[in-house]
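Keep the structure open beside you as you read.

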Amino acid sequence: MDLTHKANGKQTLLIDADDTLWENNIYFERAIARFVTFLNHHEFSAEQVREVLNDVERECIVKHGYGLHSFAHALVDTFERLTVEPLTPELHTQINSFAHSVSDHPVELLPEVPETLQYLAGRHRLILVTKGAVPEQSGKIERSGLKAHFAAVEIVPEKDAAVYSSIVEKYELSHRSTWMVGNSPKSDINPALAAGLNAIFVPHGDTWILEHEELNSAPASQQLLIVGRFAELREHF
């Protein structure tokens, strides 16, 4: 449903962090590109190596959750699957360096995010909802300088309908006036709709491939808004 007017009354906006408020996946993509070049496989194309890595990442998420620790495991496991070369301590260190180069970047906010959050926080209740390793995500939140705009922060191991329902219960939220804002159909939009919430899709050109999924339609009693950029939220709220 397209909103042609501003939402009436005070709303609660659950807002994703990675690739919604700041850049994240581009750094992983650069690390993967360096890994593929380093691997220099003579039989598999770069695309085929990436397909293997995607499968291994799915397995590592089940075992290790999200974050750099899991990503490092995925790179090492992919190397072991695709090469006959023994994994020496030196190679292990080199491969790990690709993963941990991601953490070296400062938090790069997406355009007009601070101004938009400041505007929204003055009118509505904002709760940051991000998934991943607690030390990594909390560190990014602190470094971003955005924490003061949020009434609360939730760092969860996964984003599914049950998690969204638990957040609704914890903060005694109204389904009708609660919205999940994010760039991932798989983690932000579809499970929030499944939990009975409204949702706002903010596409990002470099959303992680494992977060790709068809965008579900909103049930009759809910609303789905698609905006071109985060700053457009000021036009609706």
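This is a predicted model: local features need pLDDT of at least 70, side-chain atom pairs count only at pLDDT 80 or more; totals for chains, interfaces and linings use all residues.

The largest nonpolar core has 26 residues, and the ones that touch the most other members are Phe35, Leu39, Phe71, Leu75, Phe79, Ile95 and Val102. Which elements give two or more residues to this core? They are helix 1, helix 2 (46-64), helix 3 (68-82) and helix 4. Apart from this core lies another one, made of 23 residues, including Leu13, Ile15, Val113 and Val202.

Now zoom in on Phe79. If you skip its neighbours within four places in sequence, Phe79 is in contact with Phe35, Phe38, Leu39, Glu85, Leu87, Leu91 and Ile95.

Next, look at how the helices pack. Helix 1 covers residues 25-39 and helix 4 covers residues 89-100; their axes come within 8 Å and cross at roughly 150°. That angle makes helix 1 roughly antiparallel to helix 4. On the helix 1 side you'll find Ala31, Arg34, Phe35 and Phe38, and they meet Leu91, Gln94, Ile95 and Phe98 in helix 4. Sorted by class, the residues of this contact are 6 nonpolar, 1 polar and 1 charged.

Helix 1 has a contact with helix 2 as well. Here the axes come within 11 Å and cross at roughly 120°, and the crossing is right-handed. Glu29, Ile32, Val36 and Leu39 of helix 1 make this contact with Ala46, Val49, Arg50 and Leu53 of helix 2. By class, that gives 6 nonpolar, no polar and 2 charged residues.

Here are the two pairs side by side:

| Helix pair | Axes come within | Crossing angle |
|---|---|---|
| Helix 1 and helix 4 | 8 Å | roughly 150° |
| Helix 1 and helix 2 | 11 Å | roughly 120° |

Finally, have a look at the backbone in two loops. Most residues other than glycine have a negative phi. Asp19 has a positive phi, near 65°, and it isn't a glycine. You'll find Asp19 in the loop between strand 1 (12-15) and helix 1. Asn40 isn't a glycine either, yet its phi is positive, at about 50°. Asn40 sits in the loop between helix 1 and helix 2.

Is Asp19 buried or exposed? Asp19 has a relative accessible area of 5%, so it counts as buried, the cut-off being under 20%. Asn40, at 48% relative accessibility, counts as partly exposed.

How values were computed. Residues are numbered from 1 along each chain as its sequence is written. Side-chain values use heavy atoms; hydrogens and water are left out. Axes are lines fitted to C-alpha atoms, for helices over the stretch in contact, and angles run from 0 to 180 degrees between N-to-C directions. Helices (H or I, at least four residues) and strands (E, at least two) are DSSP runs, numbered from the N terminus. Angles under 35 degrees count as roughly parallel, over 145 as roughly antiparallel, 65 to 115 as roughly perpendicular and the rest as oblique. Contact means heavy atoms within 4.5 Å. Ala, Val, Leu, Ile, Met, Phe, Trp, Tyr, Cys and Pro count as nonpolar, Asp, Glu, Lys and Arg as charged, and the others, Gly among them, as polar. A nonpolar core is a set of buried Ala, Val, Leu, Ile, Met, Phe, Trp, Tyr and Cys residues joined through side-chain atoms within 4.5 Å. Buried means under 20% relative accessible area, exposed over 50%, partly exposed in between (1.4 Å probe, protein chains only). A crossing is left-handed if the near helix is turned anticlockwise from the far one by less than a right angle, and right-handed if clockwise.
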